[in-house]
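This report describes a multi-chain model from its coordinates. The structure is shown first, and the description follows.

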Amino acid sequence: MTRRFVILVCCALLLAGACKGSEGEEAGAQGSTLQFGAALSLTGQLSREGILTKDGYEYCKQVVNEEGGVEVGDKTYDLDITYQDDKSTPDVAAQLVDQMNDDNVKFILGPYGSSSTEAASAVVERNGQLMISSAGADDTIYEKGYQNTFGVLSPASEYLATIVKAVSDIAQPKPKTVAILSADDGFSKTAAEGGAAQAEEEGMEVVATEFFAEGSTDVSAQLTKVKPLNPDLILGSVHLEEGVAIIKQSEELGINPAGGFGETVAPPTPDFIETLGPAAEYTLGSSQWTPETEGEDELFGTAEDYAEGFEAAFGDTPEYHNAEATAACLAMILAIEDAGSLEPEAVRESLANLDTESFFGPIKFDENGKNIYKPMQVIQIQDGKPVTVWPSAEGELKWPAPPFDER
Amino acid sequence: MAESAARSTRIPQPSSPAGWILVGLGAAGFAYLLYAPVLLLESFLRTLGGVFMFATLALAWNIIGGFAGYASFGNVVFFGLGGYTVATLMAKAGWTFWPALVVAGAVGVLFAVLMGLPILRLRGHYFAIATLSVAEGMREIVVNMPSLTGGGAGITIPAVGLEATTSYPGNTGFYYFFLILLLVALAVTWRVSRSRFGYSLRAIHQDEDSAAALGINTTRAKVAAFALSGLLTALTGAIYAFQQVTIYPNRLFSIEFTVLMVVMAVIGGTGTIFGPVVGAVGLQFLSEYLRQNYLELHTVLFGAIIILAVIFLPNGIVESARELRSTKRIRFLDNVKANRL
Amino acid sequence: MEQFLQATINGLLQGGLYALVGVGFSLVWGVIHVVNIAHGAFVILGAYVAWKLDGAFGIDPLLGLVVAAVLLFVIGYAVQRGVINLVINAPIWMTLLLTFGLELLLVNGLILIFTGDYRSIATSYASGGLSFGDVRIPYGRLLAFGLAVLLTGLLAMFMSRSKTGQAINATGMDRVTARLMGINARHIYALTFAISAALAGAAGTMVGIVGTFNPVDAGVFTLRSFVIAVLGGLGNMWGALAGGIVLGLVEAWSGQYLSGTLIHAIGFGVLILVLIVRPTGLLGRPYSEARAET
């Protein structure tokens with residue numbers, strides 16, 4: 001009986017292998033359709049952000065096709081994007097990008113998150129594909145010497161540093177001491193280091209840097225440690241859940257820094273305000289993009305136009321995750337049109353030389369493929385809404401923040 | 001269980017013309033697997049490599065879980081340790097892959113012995129929970145040693161350019177690595193199942209106290225089984241780490257791997273030689289199919305399939321098919337009849 | 001000193017909530033012999049029920065807690081009676097896998113229904129607190145702690161005083177004999193599982209009031225439940241309370257005096273140590289040692 005199973009297994013492999021092989025041969029033809037591929041976290045831990053990213057890509061596709069498609073040389077192509085679910089795991093993302101290569105999909109739009117992007121970038125490099133990352137911010141991705149991965153977003157080291165710059169620039173009185181609370185994943189750590197360096201540059205003293213496990217919803221131990229040091233500003237290098245915990249538990253523990261709180265990533269998301277209510281007020285946050293971002297392009301207009309168009313299409317005001325995804329897609333299209341070719345190598349050349357304004361701000365890459373030319377936006381929660389306060393001001397910075405029980 | 005396992009250990013004896021045909025087909029299949037990289041797409045080789053990897057993991061679990069009956073829910077700890085040994089040696093100490101692989105295997109064995117001695121005294125759920133805790137705890141330790149392991153940010157094996165100590169084998173290379181490891185794991189399982197050692201393990205599974213009374217050194221047998229399981233798992237983890245290039249503690253010590261090992265072994269048939277392989281092949285292709293066709297629903301479907309499989313196919317595909325041959329039908333409800341309240 | 005006091009209070013209060021999360025898990029493991037991997041998913045489900053009731057109908061979360069508990073009770077009863085009872089005598093990995101499949105189903109089902117967004121149940125009373133000098137005792141957490149002690153106490157009394165409770169105990173000790181005595185084991189098992197699920201639902205509501213949750217967090221609650229159940233001794237209600245508090249304190253102190261990223265490692269370290277040195281838990285198991293662990 002056992003023998004039969006060995007053979008069954010072999011036959012299954014043979015069959016599966018055979019049909020896969022024939023499928024691949026057909027997929028080479030592109031016809032009048034230009035194919036992009038994206039491995040996204042549609043299920044699992046990062047599914048929320050994964051789906052926001054997908055919507056951003058979808059909106060790009062929609063607008064591009066409405067405007068007549070992508071012009072390459074004297075041919076016009078319709079844009080199509082295939083999505084696959086990476087289950088929020090980096091190895092699956094890498095495998096999917098490999099599969100896309102076999103289906104002759106050379107242009108890859110990035111997955112969500114630094115880990116998946118890092119895994120995918122290694123494969124992209126090996127296969128001679130081209131990837132524009134929309135949500136892989138960790139600087140280390142771009143410092144591995146890879147030639148074929150570009151990132152439209154400001155790198156992780158800017159996330160916290162931007163808040164420090166803004167506070168130093170416009171807050172009166174300027175805070176003298178800072179405490180940094182950070183999650184322990186790569187992205188958050190890089191951001192925390194960038195923030196600490198910037199604080200020292202601006203003449204502030206970093207009195208404590210405390211780490212907690214990624215995904216913590218209880219940070220009371222770190223807050224209790226920081227409390228007696230009386231920092232003027234508490235900065236969090238965090239994701240949403242940790243960012244919410246810092247504010248919520250500071251309120252519980254009666255921690256009221258003389259200046260206020262600033263956090264990466266968390267404050268601009270609607271959940272932050274919804275979950276915290278009045279406690280969220282006055283919190284500063286950094287964002288890749290807000291509708292006040294300066295710059296415009298032919299496809300999407302200004303940031304405000306983008307917000308309107310996106311809302312008309314999807315019914316929600318866009319979050320920065322949506323915008324960065326659309327921007328990645330836009331950069332790929334601009335580069336392809338500039339190159340006038342669908343050869344990945346030619347498109348890579350034109351990406352390296354890309355220097356343009358867009359609804360997302362400037363898009364231009366340094367020699368590592370990072371978009372260091374785009375400033376991040378600093379927002380503050382005011383009356384239950386994120387208001388851009390720096391570098392271009394939609395509203396005045398409210399400073400210092402009053403204690404929690406007076407809000 | 002012991003009886004059925006013993007039956008499955010019979011070596012395929014080509015006693016009839018039909019038998020010869022089967023053996024011939026088997027050989028052809030094997031030759032095909034060796035030759036496959038020439039015929040198949042790169043990414044499909046990667047998928048196949050993944051299938052072989054899980055088959056090896058399930059076989060390794062089967063030695064301690066299926067033969068000895070000790071349901072380890074923390075076998076991923078060996079996988080992670082193997083992976084991190086290779087990554088650390090290659091990234092921090094500039095080693096090449098092959099000596100690092102050997103060390104990874106040794107680490108797996110050593111850790112299995114050290115951990116097995118206290119923990120294999122526990123039985124049933126206690127053993128399951130203890131192994132699970134060791135795996136979770138080990139992940140936290142790796143996270144907390146950033147200077148050595150890169151911490152939560154992960155560690156990258158130098159795989160391109162001048163820094164690469166061993167040139168990256170690519171999809172074809174890893175396909176062969178995983179294939180060879182699977183064949184080794186099959187050979188080991190076959191050998192174990194026919195040895196005195198294997199009979200000791202089955203005796204322990206049946207009734208540990210009686211086994212001890214019969215003069216079997218149960219501690220030694222259990223620890224040896226655990227070490228063997230740890231060795232194969234650590235080697236798999238080591239190859240996997242090199243394939244991934246950048247590894248993260250959350251992934252390398254993910255409970256998902258443990259669960260998949262157990263599910264594959266159980267669905268294929270615990271305590272058999274080919275059961276875990278059948279389970280791994282079936283489940284990997286199924287989950288790949290679901291993922292491609294049900295973009296957002298596939299995890300829910302996968303959960304439902306596990307539930308149904310546990311209720312209706314608890315003896316595994318191999319055992320149920322054997323039953324189908326001898327009685328001409330599968331009695332799905334037998335399990336429920338035997339194990340319900 | 002104030003820091004130590006604050007850390008101790010944080011740990012104690014957090015520990016009370018852990019106890020409420022873990023007590024049902026311990027009950028099921030002790031009595032039915034099932035390690036319910038889906039326990040954390042029940043906790044999260046309870047949180048969503050209360051959150052939805054609050055958000056959609058403005059029902060106060062404390063009333064929502066009751067609804068969540070009742071709903072989870074019904075679901076729990078059905079799951080045990082309709083599914084788990086079918087394979088209750090199979091090898092342990094079978095029930096482990098079964099509940100793992102259930103967890104996948106629930107967690108990903110919740111993501112499909114409610115998305116993976118982080119949620120929190122907003123109340124007017126959760127964020128304020130009592131102040132003693134620099135030491136603060138937040139009301140929300142105090143409430144969770146009080147409720148945990150109350151529910152655990154009620155459960156312990158129910159188990160020792162009521163006829164049904166004694167039947168559950170008897171079945172946990174020796175099912176065969178219990179059945180001979182005329183106890184309907186199918187019903188008792190389902191009832192036990194239902195109580196466990198109801199407690200998880202109540203715990204989930206409190207989790208939602210004092211913090212944030214999303215479906216993916218389920219695994220964390222299940223893992224903590226392991227620690228709590230083993231620390232306290234399986235099926236020992238007061239033990240679960242003690243286990244929860246010990247875990248809370250160990251986490252708070254190690255977060256305070258060691259690195260914040262080490263707390264989980266220490267939690268699991270304690271668990272392994274207890275398993276090896278004293279597998280019956282801190283307060284011991286209520287059932288006879290003779291019962292074979294299979």
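The model is predicted.

## Chain A

Chain A holds 12 helices and 17 strands. Its C-alpha trace spans about 70 × 60 × 40 Å along the principal axes. Among the contacts in chain A with a separation of 6 or more, 69% join residues 24 or more positions apart.

The chain is divided into two domains, each made of two stretches of sequence: domain 1 of chain A covers 32-154 + 292-364, and domain 2 of chain A covers 157-287 + 377-406. Their C-alpha centres lie 30 Å apart. The contact between them takes 11 residues from domain 1 of chain A and 12 residues from domain 2 of chain A. On the domain 1 side, two of the residues are nonpolar, four are polar and five are charged.

## Contacts between chains

Chain C is in contact with both chain A and chain B. Where chain A meets chain C, 30 residues of chain A are in contact with 29 residues of chain C. On chain A, helix H2 (47-66), strand S8 (205-212), helix H7 (220-226), helix H8 (240-253) and helix H9 (270-276) each supply at least two residues of this side. H8(A) gives the largest share, eight residues. By class, the side of chain A that touches chain C has 10 nonpolar, 10 polar and 10 charged residues.

The contact of chain C with chain B takes 42 residues from chain C and 41 residues from chain B. Helix H4 (92-114), helix H8 (185-210), helix H9 (218-232) and helix H11 (263-277) of chain C each supply at least two residues of the side that touches chain B. The largest share, 14 residues, comes from H4(C). In its make-up, the side of chain C that touches chain B has 30 nonpolar, 10 polar and two charged residues.

## A helix of chain B

Helix H8 of chain B runs over residues 170-194. Its 25 residues should span 36 Å at 1.5 Å a residue, and the end C-alpha atoms are 37 Å apart, which agrees. The buried residues of H8(B) include B:Phe174, B:Phe177, B:Phe178, B:Leu181 and B:Leu182, and also B:Asn171, B:Thr189 and B:Ser193.

## The nonpolar core

Which residues touch the most other members of the largest nonpolar core? They are A:Ala331, A:Met332, C:Leu20 and C:Leu97, in a core of 354 residues. H8(C) gives the most to this core, with 17 residues. The core also draws at least three residues from each of domain 1 and domain 2 of chain A.

Leaving aside residues up to four places away in sequence, A:Ala331 touches A:Ile132, A:Val152, A:Leu351, A:Leu354 and A:Ile363.

## Backbone exceptions

Most residues other than glycine have a negative phi, and most peptide bonds are trans. The table gives exceptions to both.

| Item | Feature | Value |
|---|---|---|
| A:Gln172 to A:Pro173 | cis peptide bond | omega near -5° |
| A:Trp399 to A:Pro400 | cis peptide bond | omega near -10° |
| A:Asp383 | positive phi | phi near 50° |
| B:Val245 | positive phi | phi about 70° |

A:Pro173 is in the loop between helix H5 (157-170) and strand S7 (177-183) of chain A. A:Pro400 is in the segment after strand S17 (385-390) of chain A.

B:Val245 lies in the loop between helix H11 (218-244) and strand S2 (246-247) of chain B. With 25 other C-beta atoms within 10 Å, B:Val245 passes the cut-off of 20 or more, so B:Val245 is buried.

Note on methods. Residues numbered from 1 in each chain as written. Chains lettered and ligands numbered in written order. Predicted model: local features only at pLDDT ≥ 70, side-chain atom pairs only at ≥ 80, totals over all residues. Contact = placed C-beta atoms within 7 Å. Helix = DSSP H or I, 4+ residues; strand = E, 2+ residues; numbered from the N terminus. Nonpolar A, V, L, I, M, F, W, Y, C, P; charged D, E, K, R; others polar. Domains from an automatic or database assignment. Buried ≥ 20, exposed ≤ 12 C-beta atoms within 10 Å, placed from the backbone. Expected span 1.5 Å × (residues − 1). Core = buried A, V, L, I, M, F, W, Y, C linked by C-beta atoms within 7 Å.
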